[in-house]
Amino acid sequence: MNPVYHFQTVKHVVHGAHSLAQLPEKLALLDTPVRRVAFITQPVMEETGVAARVVAALEAKDIEVLIVRDVQPEPTIENVETVFRGQIEPFKPDAVLSIGGGSVLDAAKLFAVRLTNDQPLREWLGIDLIKAPGVPLILVPTTAGTGSEVTPNAIVTLPDEELKVGIVSRHLLPQLVILDATLTLDLPRPITAATGMDAFIHALESYISTKANPISDMFAMESMRLIGANLVEAYENGHSLKAREAMMLGSMYGGLALTAAGTAAVHALAYPLGGMFNITHGVANSMLLPHVMAFNLDAIVGRLATVAHALNIAQHDDSEQAAADKFLARLREWTAALAIPQDLREFGVSETHLDALSVAAAKVKRLLGNNPKALSLDDIKSIYARLLP
Ligand SMILES: NC(=O)c1ccc[n+]([C@@H]2O[C@H](COP(=O)([O-])OP(=O)(O)OC[C@H]3O[C@@H](n4cnc5c(N)ncnc54)[C@H](O)[C@@H]3O)[C@@H](O)[C@H]2O)c1
Ligand SMILES: [Fe+2]
């Protein structure tokens with residue numbers, strides 16, 4: 001465990017069912033007054049009427065709002081830059097608001113700093129390369145989720161390199177987060193499954209990360225407890241506010257855990273599946289999870305046993321090995337219960353792609369370095385091969 005660690009997080013978190021209704025008055029919490037808001041969202045928030053309600057409430061406070069709906073799912077770096085230059089920059093907002101999944105939250109984070117830093121996004125790929133803080137940023141997640149609302153990360157796709165890459169900076173942290181689980185009640189089943197698994201993986205990978213520390217452990221453990229007890233319920237009974245609330249909190253805790261400790265090989269191997277085959281982030285991660293954890297098992301038996309006990313999967317007299325095995329079995333059960341695909345062929349992947357995928361994954365050193373066990377190129381390839389049964 002690292003003896004010295006550093007943790008920084010967002011300024012304000014407002015949490016509770018229907019808390020989005022308090023957005024106009026909560027703007028007073030921001031460092032500077034708000035008159036013009038760029039509002040980055042996804043079509044579904046307009047279809048459900050959420051976006052219109054927010055716009056009306058802000059306009060009633062004499063705030064001018066520009067709705068931006070052109071950020072693509074899992075956006076490319078060009079898409080983010082084009083929307084910035086075409087829509088955000090000319091509007092000159094003094095704050096950025098995003099309500100949606102991780103794709104638009106990440107783009108909004110970049111817009112907020114792009115307004116105060118005249119550098120193309122490509123210069124920021126990596127860690128701590130953004131010079132100045134952005135305009136005030138307000139994030140409202142509607143998946144549960146990426147935890148992006150509390151992480152200093154924004155992920156963009158680089159199509160020419162067939163990879164997804166992270167931009168990491170403390171300047172990407174928002175000033176205000178609103179967690180309103182009622183926004184997730186109609187999240188479709190496949191998205192509930194994939195984004196819920198992604199949230200669990202943030203917590204689990206942080207818990208077994210080489211950078212794990214007391215702060216990340218606390219958030220990771222609570223995240224896994226909440227998600228472990230509610231993911232299947234949220235999937236099967238989407239309108240259960242209790243399950244959706246637990247998933248929303250669990251997702252935020254997962255984001256806090258990964259901020260403190262970092263994700264690892266599951267995320268590293270998922271990036272090329274997104275970059276080369278457009279497999280969505282949550283689906284790629286959930287497909288890989290059982291196989292990466294089976295590979296990691298001998299290095300983390302004790303930690304997985306602790307998780308198994310916390311999730312009430314193991315008996316108190318189980319050996320560490322037996323408890324860890326039960327946890328891995330539970331991951332496979334979730335994969336089946338949540339209808340997570342288990343064959344990469346469905347996405348156009350074949351044996352001929354294994355080398356290119358493995359070489360690309362091996363480049364994600366930022367995350368592979370957090371994995372409790374080193375992965376050779378052959379190890380990576382054999383994990384992908386398990387998804388070509
Ligand atoms: N910044 C971070 O720390 C971090 C962490 C993990 C993932 N990510 C990134 O986040 C992106 C993925 O985000 P995501 O998994 O939230 O998915 P997403 O934002 O791509 O959304 C997936 C789909 O769900 C729909 N949707 C969103 N909310 C909905 C709702 N309440 N009801 C119905 N439909 C809804 C969207 O319109 C979209 O079609 C990826 O680019 C990934 O790399 C970022
Ligand atoms: Fe993730």
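Biologist: Which residue just after helix 12 takes a positive phi?
Modeller: A339 does, with a phi of about 55 degrees. This is a predicted model, where local features need pLDDT of at least 70, side-chain atom pairs need 80 or more, and totals for chains, interfaces and linings use all residues. Residues count from 1 along each chain as written, chains are lettered from A and ligands numbered from 1 in written order, and side-chain values use heavy atoms, without hydrogens or water.

Biologist: New topic. What are the protein donors of the iron ion (ligand 2)?
Modeller: D198 (OD), H202 (NE2), H267 (NE2) and H281 (NE2), lying 2.1 Å from the iron ion. Donors are N, O and S atoms within 2.8 Å of the metal (3.2 Å for Na, K and Ca); water is absent, so sites may look incomplete.

Biologist: What spacing do those donors follow along the chain?
Modeller: The pattern is D-x3-H-x64-H-x13-H. H267 sits in helix 9 (residues 265–277) and H281 in helix 10, so this pair ties together parts 14 residues apart in sequence. Helices are DSSP runs (H or I, at least four residues), numbered from the N terminus.

Biologist: Is H267 buried or exposed?
Modeller: Buried, because its relative accessible area is 3%. The cut-offs are under 20% for buried and over 50% for exposed, with partly exposed in between (1.4 Å probe, protein chains only).

Biologist: And H281, buried or exposed?
Modeller: H281 is at 15%, so it counts as buried too.

Biologist: Where is H291 found?
Modeller: In helix 10, which runs over residues 281–296. H291 has 16% relative accessibility, so it is buried.

Biologist: What does the side chain of H291 make a polar contact with?
Modeller: The side chain of Q342, at 3.0 Å. A polar contact is an N or O pair within 3.5 Å; within protein, one atom must be able to donate a hydrogen and the other to accept it, and residues adjacent in sequence count only if both atoms are side-chain atoms.

Technical notes: Helices (H or I, at least four residues) and strands (E, at least two) are DSSP runs, numbered from the N terminus.
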